[in-house]
Amino acid sequence: GIEMLKDAGATIVDVSLPHTKYALPAYYIIAPAEASSNLSRYDGVRYGMRDLPDGAGLQDMYAATREAGFGPEVKRRIMIGTYVLSAGYYDAYYTQAQKVRTLISQDFDKAWNSCDLLLTPTAPSATFGLGEKSDDPLAMYLNDVFTVPSSLAGLPAISVPGGLDGKGLPLGLQIIGKALDEQGVFNAGLALEERAGFVAKPEQWW
């Protein structure tokens with residue numbers, strides 16, 4: 001990716017983002033907390049589908065609605081979010097995660113003093129098969145290690161196919177830009193896309 005961007009005329013510099021090592025745990029506190037808070041409205045009365053078993057009371061309807069209307073990952077995030085927002089844990093988890101979010105954002109602000117865009121891998125490994133890791137949520141979460149810092153800082157980012165690994169599986173390159181500089185991110189993404197010449201297509205499975 002570096003060589004491709006050099007070919008496009010970019011000057012490459014190294015920067016340090018020291019707090020990004022805390023981004024993943026912070027993200028998986030903040031994101032589930034927001035999911036838990038936002039999805040609480042889907043009670044089958046005002047919002048969302050309604051599942052009303054015969055003879056069910058209000059609480060039974062809530063339980064049935066949420067059981068039928070949310071998938072396993074959504075339920076998992078609601079449970080985690082409810083836990084970190086509960087009275088005894090709010091300050092210990094959610095408040096601390098928001099402080100980490102601020103530090104991560106400040107790291108990016110310092111980086112912009114010496115560069116216009118950041119180039120990172122999209123994931124620590126090549127693409128894995130559909131459903132291959134669905135039974136291991138932690139492994140799925142760990143694959144987000146390079147993408148969550150920009151989300152926490154509210155920055156535009158794009159993933160572009162960069163090539164194939166030795167097994168023929170796709171590898172991604174991520175471009176992160178300054179706040180509101182989506183155009184700069186698109187331009188760099190186009191430069192990578194043109195130079196990568198990525199034409200691989202998955203075999204049709206249907």
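Tutor: With the elements: helices (H or I, at least four residues) and strands (E, at least two) are DSSP runs, numbered from the N terminus. This is a predicted model, where local features need pLDDT of at least 70, side-chain atom pairs count only at pLDDT 80 or more, and totals for chains, interfaces and linings use all residues. Residues are numbered from 1 along each chain as its sequence is written, and side-chain values use heavy atoms, without hydrogens and water.

Student: Which element gives the most to the lining of the largest pocket?

Tutor: Strand 1 does, with 4 residues. Helix 1 (2-7), strand 1 (117-121) and helix 8 (182-196) each supply at least two.

Student: How do the residues of that lining divide?

Tutor: Into 15 nonpolar, 4 polar and 2 charged. Here Ala, Val, Leu, Ile, Met, Phe, Trp, Tyr, Cys and Pro count as nonpolar, Asp, Glu, Lys and Arg as charged, and the others, Gly among them, as polar.

Student: Why is Tyr 89 called partly exposed?

Tutor: Buried means under 20% relative accessible area and exposed over 50%, with partly exposed in between (1.4 Å probe, protein chains only). Tyr 89 has 34% relative accessibility, so it counts as partly exposed. Its place is in the loop between helix 4 (72-84) and helix 5 (90-111).

Student: What makes Gly 129 buried, exposed or partly exposed?

Tutor: Its relative accessible area is 31%, so Gly 129 is partly exposed. Gly 129 lies in the loop between strand 1 and helix 6 (137-142). Its C-alpha atom is separated by 9.5 Å from that of Leu 169, 40 residues apart along the chain.
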